[in-house]
Each structure stands twice: as structure tokens, then as C-alpha cells.
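Here are a colleague's notes on the structure below. Please read them with the model open beside you.

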Amino acid sequence: MIFAGDLWQLPPVRATAIFSNPCVQGYSLEVQRIFKMFWQEGEDAIQRTFQLTQSMRTGDPWLIAVLDADRNGEESWEMYCFTHGLPTRNCGSWMPQSEGPSCGQAKCAKLAEEIWPAMQKRSWRLRQSEECEDCKQERRRRHCIVVSDETRHREVVAPVADIAAMPPPDPKQKAGSSVSDEVGGVSRTPEAESSSLREQSVSEGAQRKVASGPIKRRRSTIPQGARVSDGHEVDISDISSINRHKKPPFVDAPFVHPFRHPSYHAQQLRAITFAQARQQRLLWITAHDVPMTKDPKRTSEQAESRKERWLEFHDRFTSGIPGLFPLVLDLPVRFTDATRNAVAKTQGVFKNARGWLRGWDLAEEEQQRLADMQEPEIVMKKRPRCLYIELEAPTKELPLTNGKAIFRLAVQAHVWSLDPAGKVKILRYGFNIVPDFGGTAHAYCGSTLEACIGDLLPWHQKPRREDALKAYIIKSRVRQTDRLLLAQPDSPHLFRQGVHPGLHLLLKVLMKDITWEEVRSAPSPRAKFTPTSC
Ligand SMILES: [Zn+2]
């Protein structure tokens, strides 16, 4: 029997990961059996392990180098600076393996050691102008943080150029070690302080938090002439780097985040941007709610205004049917619930099944009304009779229409409750799909995305090991580094927490570098594992 799998995965929800601490008591018999198979030696255990080392998703050398470092919790400060658009010690095409530029230019090879140190007092913009066009282009490609219009116009008063002159952080220093000091609830490490210089212009909230801390002291010690904003300008000197999240391929890229962050509202806003980018008209479908028990105390106007409020509820509370749905051709969509149709399930329509909206069937009267209107957004009076959705992963049971796996979704009627006790029941008519513009890292495990907008949590939040694992999943969904955008700067400590202990130990056992007895007889086997896996 052959087992094939990827250890760098998120722990299963409400279940036990094989890289959990096997020395802990209390596991079920089934889990103990699996542990025995993976951690111990014997007839029924894994006999031999082959480790696959070639990345099949990406051939981008820079992305491979960054992901390798991130997986092992040893991302260098230089990599962090490239990703965040900060000044770096090396030229734009520097590769960590060769410790030199890949552009092949003799001048670029001398920048880090000779030319830039001699220009130490010059601004970063001037220093960077010395690198070749290939290096400049590669530097822009590696910069993954969203630069918006608002970011562009904010002032950066701190000398970002000084960052390049700062000593690199001590790799042995762990997150949350004694070097950190708490200022207004914000963990301030040397790395965090320098990254905050950039963060200052990105997050107003963070700016308020750090305003009374070391940044304030830093401001007072900077001579006026040294105040530069070039660290910022470096990233946005190329107009194409501004508002990349509003342009292809990020217009319809999912927003992948560690938690269930994106709200209903955010999904709708992105649907509007999607329609604008494709120069298409947006038709809003509203759900229709019918209370199953009548309230005699309310007038019909009161009842109608109440129903309007219900349209704003998240689809998680309304049995999977959203109050408002944006009808745009080719919109990526996700089923919130399986349809109540047994045939649909056999055709591949499940909860979280993905697809694209390829068309709809409108009543003639509505077609006539729309033909006479020119507005870019219109609220429909009548719901379409059905929607045509091309499924991403259909089964063979779904017949093809013009060569495409099109599923015909009719109007659904689901019951939802207004109160937690389920006493006030409402019958909602609508469609059980939402725009698929985002989801959790869990939801995108194993997926390859054409483009991805990620969120690795704010830079000032003290990262945990499980945050690093989720962040790694998010960063590794794309094939090219320029297909990844990060919504905000992340903590410099996020990928500097060392290897994931459970994963690392299990791999060593499987590769027979250490034995089960050595794991079990360690003075504190529990300490070898992450707190969450114990
Ligand atoms: Zn170069």
C-alpha cells in the first residue's frame, strides 16, 4: 500500500492531525492506530518514505526560494524587504541561493558590496536608480503589498532609507522574546519598528497606535532635511503598481484570509468592481421573504421595512440564500448550500462547489424593461426563472451544453429563522449562490489560483505558529510571485518562528533520522510540539 500526501497542511477541523503529539493520552482507538502507523516501526507501519522536493505548481525561482524559507520558518530579512517593497541591501534580481544578481550585469553585482555602501547617505531612490532595468522590473514583481491611491498620497515622514542601514535581525531571536517591549498594546521588536515606518502610511489605525510610541521619538530626532518619502516612491514610481487589486488578473481573484473575514458587504463591493472592470451592467436580484407566521400588530409598511433589513443579513443566517445577489456575466460563484434536488448532487452541486455565472433566463416583461434602461446598475423587479452556472468540478452525470458543464439553477425556497430558538420562521425565495471572491485558507487548501489576494494578518499582531502555516498556504496558491497581492504588511516574525515542530519531527521519524523511542524518551516530548497540537 502507498500513502501519498503533503504534510504542510492545516490541521483538520474538529479532528486530529497526524503531526499532533502522539505521546499525549486520551486519543480515540482509531487515532492511536493511525499514529502507530506513521510514528512507530513495525509490520503495519510506513516502511519507507520518499520525499518529493521539486515544486510542481511553480517554476518561479524567487517564489520557490521564498516558499522554501517560509516553510522552514527562516525567511530572511532581505526576503521580507523585497516582498514589502522596502529598501534592500541587494539589487532587485538578487537570488538567495547564488548570493548574487541573476541579471548578469557586472555593475549590479557590485552594488551591495561597493557602490551602495559608498552612497549610504544618499536617498534610497537615488541608490536604486543605479540598478539595471531587469533588476528594477524584478523588484516590482517581488513587491506584493497592495498600493492604493490613498497610500500613494499619504506622507511617509520616517527615513525609510535608514532601514537598509539597520543591522539585520538576529535569526536566533524568537518572536515575543525579551527584546520586544509592549507599547500601547503593540509588540515592538526591532523588525516591527522598521516595518512600521512603511505601515505608517498603510494603516491609519496602526498609525494612531504607534504615534505615541517609539515612532514619535524617532520623528523628533530626524533632521528636517533627512525626511524622505522615497522608500514609498520607489514602489509606486511605476504607475502600473498602483491599485493593482482593481486591475486584471486581480479583479476576480479570491481574497484568501486566515479567518472568515470578508463580509457580505465586501463581496458585493468586489462584484461591483468586477462589473466595472468588464464594462458590464450589473443587475441586482433581491430575495423574496414570506413570514410563515403573521404578526397582526405590524402594519404592512412596517412589515415591508422589516423585510428590507432582512435583505442585509449574511447568507449564513438565511439558510444560504443571500438577500442581494449581483447578476454579472462570468461572475465567479460558490454554492452556499446543496440544492434540495437529489439529481443536482449527483451532478457535482454541493455546498462550496464553485463555478461561473454564464447566463440567465428572464421573463419577457423584465427583458423589455431592461432594454429601455441605460443605468450601469439596476435592481430587478422579477427574479430570473433560472441561472446557468458552469461548474468547476462537475461529475460525468452532468450533460454538456455546447461543450460546457452548465448547471441550470432554478429559484430555491429555503426556510430560515429570525430568532435563535427558531420560533419565527421565514420562507425565502432566491438563489443559493454568492459571488466567490474569497474564503478561508482552509477553503483554498490544495487549490491553484491564477491570482490571489491574501491577508496574512497585520504586522503588529504577534504571530503564532498556526498563523505561519495558514499564511504559507495562502502564499503558495499561485504559480508566479506577481500573481500574489497582500492586502496589508504582515509581521516580520511571521515566517521566522522556525520549523513546525510536529511536522518536522514526524518527517524525521518517517525518514528514519530518529526513532520512535527517541521521540518518546525525550525529556519533554510535549515541548517539541506546538501548543495547539498537544
Ligand atoms: Zn541588474
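1. The donor residues of the zinc ion follow the sequence spacing C-x4-C-x23-C-x2-C. Donors are N, O and S atoms within 2.8 Å of the metal (3.2 Å for Na, K and Ca); water is not among the atoms, so sites may look incomplete.

2. This is a predicted model, in which local features need pLDDT of at least 70 and side-chain atom pairs pLDDT 80 or more, while totals for chains, interfaces and linings use all residues. Residues are numbered from 1 along each chain as its sequence is written, and side-chain values use heavy atoms, without hydrogens and water.

3. Cys103, Cys108, Cys132 and Cys135 each give their SG atom to the zinc ion, at 2.2 to 2.3 Å. The angles between the four donor atoms are 107 to 112°, so the arrangement is tetrahedral (for four donors, all angles between 85 and 135 degrees).

4. Cys103 is buried because its relative accessibility is 16%, and Cys135 is buried at 0% (buried means under 20% relative accessible area, with a 1.4 Å probe and protein chains only).

5. An open sheet has three strands in the order β7-β15-β14, paired antiparallel. Its edge strands, β7 (288-291) and β14 (412-417), each pair on one side only. Strands are DSSP runs of E, at least two residues, numbered from the N terminus; two strands pair if DSSP finds at least two bridges between them.

6. β7 and β15 (residues 425-430) are joined by four bridges. In one of these strands, β15, Tyr429 is the bridge partner of His288.

Technical notes: Four donors count as tetrahedral if all angles lie between 85 and 135 degrees; four count as square planar and six as octahedral if opposite donors are over 155 degrees apart and all others between 65 and 115; anything else is irregular. Buried means under 20% relative accessible area, exposed over 50%, partly exposed in between (1.4 Å probe, protein chains only).
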